[in-house]
Structures are given as structure tokens and as C-alpha cells.
Amino acid sequence: MKNRDLVLSVIYIVLGIALFVASQVADLGDSTIAQILPGMGGALIAIGAIRLYRGIRLEKDAAYRENFEVEVHDERNQWLRMKAWSWAGYLFVMIAACATLVFAIMDKK
């Protein structure tokens, strides 16, 4: 595990804890940010923990590291990832265009 990955994982965890604690301690009332902060904090904690676990496992388990490297650098997998990204982008643009037209017709700005 690279030091950069370790530091980034720890930053995610600390930032998630800070957001979660801030949402509980601060008197934000019934605002939208008060409803969003605990979820964001929990998500950052989960992301940091998963990245930390994966990094430790990559460092300790040689077979897992080899399979991971093959998945990341295999040309077929790269092609499939790019194809999935292109379809996701295409669908997002089409759905956003349709939603824009519907909202324009409904006069919702």
C-alpha cells in the first residue's frame, strides 16, 4: 500500500467522523444540511475503511494482488469499462435532456 493511499484513506475516515460529529453537535435545526451531513459522514467513513482494508489486503495477499493487477491492466476489462462509461454518459445526457423538456413544459425553473 502506498503512503498516499494510506493517508487518503485516513483523511476520508477523519473527515467522515468530523462531519458526523459536527452534525450531531451543531444546532442546525431542521435544515437540509442537517439531514445531509450524517449521511455524508457515514459514507466517507465507509469509503475510507474499505480503501484501507483493500490496501492492507493488497499488501499482505500476493494472490489477491496478482488478480487485482490483472483486472486493472487487462485490455478486455479496460474496453468493457470504457464501453460502460460511454453508455452511462450517453444515457445520462438523454435522461437530462428529457427531464429538461418536461420541466420546461411544466414551467418549473
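1. The expected span of a helix is 1.5 Å times one less than its number of residues. In this predicted model, α4 has 31 residues and should therefore span 45 Å at 1.5 Å a residue.

2. What follows α4? Just after this helix, Asp 107 takes a positive phi, at about 60 degrees.

3. Helix α4 covers residues 75-105 and packs against helix α3, residues 62-73, with the axes 5 Å apart. The angle of this pair is about 55 degrees, which makes α3 oblique to α4. On the α3 side the contact is made by Val 70, Glu 71, Val 72 and His 73. On the α4 side the partners are Glu 75, Asn 77, Gln 78 and Arg 81. By class, the residues of this contact are two nonpolar, three polar and three charged.

4. Helix α3 also packs with α2, here at an angle of about 110 degrees and with the axes 6 Å apart. Angles of 65 to 115 degrees count as roughly perpendicular, and α2 and α3 are therefore roughly perpendicular to each other.

5. Which residues of α2 and α3 meet? From α2 come Arg 54, Arg 57, Leu 58, Glu 59 and Lys 60, and from α3 come Ala 62, Tyr 64, Arg 65 and Phe 68. The contact of α2 with α3 has four nonpolar and five charged residues, and no polar ones.

6. The largest pocket has a volume of about 300 Å³. Twelve residues line this pocket, and the closest to its centre are Lys 2, Asp 5, Arg 54, Leu 58 and Phe 68. Arg 54 and Leu 58 in α2, and Phe 68 in α3, also belong to the contact of those two helices.

7. Which elements give two or more residues to the lining of the largest pocket? They are α1 (3-25), α2 (32-60) and α3. Of the elements, α2 gives the most, with four residues.

8. The lining of the largest pocket divides into seven charged, three nonpolar and two polar residues. Among the residues closest to the centre of the pocket, Lys 2, Asp 5 and Arg 54 count as charged, whereas Leu and Phe count as nonpolar.

Definitions and conventions: Residues numbered from 1 in each chain as written. Predicted model: local features only at pLDDT ≥ 70, side-chain atom pairs only at ≥ 80, totals over all residues. Heavy atoms only, no water. Axes fitted to C-alpha atoms, helices over the stretch in contact; angles between N-to-C directions. Parallel < 35°, antiparallel > 145°, perpendicular 65-115°, else oblique. Contact = heavy atoms within 4.5 Å. 1 Å grid on protein atoms, 1.4 Å probe; cavity = no way out; pocket = protein on both sides within 12 Å on 5 of 7 lines; lining within 4 Å. Points joined across faces, edges and corners; volume = space filled by probe spheres on them.
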